[in-house]
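Q: Got a model here and want to go through its helix packing and aromatic pairs. Can we take it step by step?

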Amino acid sequence: MATSNQTVNIVRLDGWVCPPPYFSPSFSSPSASTYTNYLRTEPATDVICERLKDMDVAITTRVPITREILEREESKRLKLVAVLAIGTDMVDLEACRERGIEVRNVPAASIEAVAEHALGLFFALRRNTVGLHNLMIGSDEWVEKGNLTSHFGGLPGTCKEEVVGIIGAGELGTRIATLCRALGMTVHLSEQKSTPSSSIRPNRLPFTETLSICTTIFLTLPLTATTTNLISTPELATMRPDALLINIARGGILDEEAVVQALKKGTIKGFASDVFFEEPAGGQNSVLVRAAREAEEKKGVVGEEEVDLRGRVVLSPHVAWFARSSIEKLRRVVGENIESWARGEKMNLVTS
């Protein structure tokens with residue numbers, strides 16, 4: 001809560017994401033608040049600390065707020081971290097608790113857009129639309145061979161044959177499940193990996209069973225200490241060879257190197273992701289990007305024990321959230337979070 005009659009100083013650390021939050025006219029007055037916007041902030045402690053100096057509120061989407069930053073003199077005035085997103089993995093929540101700094105987020109910030117993007121990735125993989133598009137513009141193979149159905153790697157199923165597993169049955173996972181069921185798919189919600197078989201909740205499948213029976217797995221859970229590398233070589237080995245794995249959550253939830261190896265060996269059919277362990281992702285820092293590029297460059301020429309990855313890896317640059325409704329909600333709720341905090345009201349608290 002802001003001290004009575006004190007001007008609230010607000011800093012926006014990554015303003016490129018969207019226009020400023022909506023504030024009421026009274027709160028926007030110079031006597032009530034100041035607003036400093038930086039389009040981008042280098043994720044370096046000294047840079048971030050300099051921008052937090054004399055600030056009461058920090059707005060961040062992906063700029064980290066670490067324990068080291070919170071222990072610095074420059075951040076001693078900080079009282080609220082307003083996350084312009086649903087995910088808070090970039091904020092050290094425990095350090096904020098110790099300092100008495102509130103953290104507020106935007107629940108269900110972009111559920112509709114992300115769920116629809118997830119289905120777009122699914123169809124791109126199952127129908128090989130990206131691979132076939134690249135073949136069409138990169139060669140005359142269709143003219144030469146008469147058809148390109150061999151590039152499906154077998155007969156693809158339809159939605160009614162699809163068995164979907166949702167790992168992370170929160171608001172996003174539930175929305176994806178609803179859309180999948182509307183298309184005629186069978187949907188299973190996975191229990192948490194650590195849950196013993198004796199404690200499986202009603203209408204949930206054990207984690208390992210979800211992986212082993214489903215033809216498509218959607219990852220829709222937050223990145224935490226317990227979900228980091230949730231999917232790696234042992235988990236991939238239990239999946240069906242015709243299975244698709246789609247990560248629409250956070251990059252660190254799975255072992256990206258293990259995924260590439262599973263694809264090359266034919267352990268799973270395909271992989272799609274909108275998120276990466278390190279972002280922005282490119283050829284220098286992402287094994288997924290490198291693998292997809294190399295597959296296109298090889299044009300189907302692979303080793304004797306390797307599978308052609310063309311069309312089997314579909315990547316997008318963390319844009320699943322991007323939609324008109326998402327932007328409007330982010331701007332509105334972050335503004336409400338900050339103003340309600342200034343009035344001493346509890347709203348969308350992650351930690352306090």
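Q: What kind of model is it, and which pLDDT limits apply?
A: It is a predicted model: local features need pLDDT of at least 70, side-chain atom pairs count only at pLDDT 80 or more, and totals for chains, interfaces and linings use all residues. Residues are numbered from 1 along each chain as its sequence is written, and side-chain values use heavy atoms, with hydrogens and water left out.

Q: Back to α5 and α8. At roughly what angle do the axes cross?
A: Roughly 50°, with the axes coming within 9 Å. α5 covers residues 111-126 and α8 covers residues 171-182. Axes are lines fitted to C-alpha atoms, for helices over the stretch in contact, and angles run from 0 to 180 degrees between N-to-C directions.

Q: Parallel or oblique?
A: α5 and α8 are oblique to each other. Under 35 degrees counts as roughly parallel, over 145 as roughly antiparallel, 65 to 115 as roughly perpendicular, and the rest as oblique.

Q: Which residues meet?
A: From α5, I111, E112, V114, A115, E116, A118 and L119. From α8, E171, L172, R175, I176, L179 and C180. Contact means heavy atoms within 4.5 Å. By class, the α5 contact with α8 has 9 nonpolar, no polar and 4 charged residues.

Q: How do α11 and α12 cross?
A: Their axes come within 9 Å and cross at roughly 25°. α11 and α12 are therefore roughly parallel to each other. E256, E257, V259 and V260 of α11 make the contact with V287, L288 and A291 of α12.

Q: New topic. How many aromatic pairs are in the whole structure?
A: A search finds 4. Rings of Phe, Tyr and Trp (its six-membered ring) pair if their centres lie within 6.5 Å; planes under 30 degrees apart are stacked, over 60 edge-to-face, the rest tilted.
A: One of them is F23 with F27, a tilted pair at 5.3 Å centre to centre and 45° between the planes.

Q: Is F27 buried or exposed?
A: F27 is buried, at 8% relative accessible area. Buried means under 20%, exposed over 50%, partly exposed in between (1.4 Å probe, protein chains only).

Methods: Helix = DSSP H or I, 4+ residues; strand = E, 2+ residues; numbered from the N terminus. Nonpolar A, V, L, I, M, F, W, Y, C, P; charged D, E, K, R; others polar.
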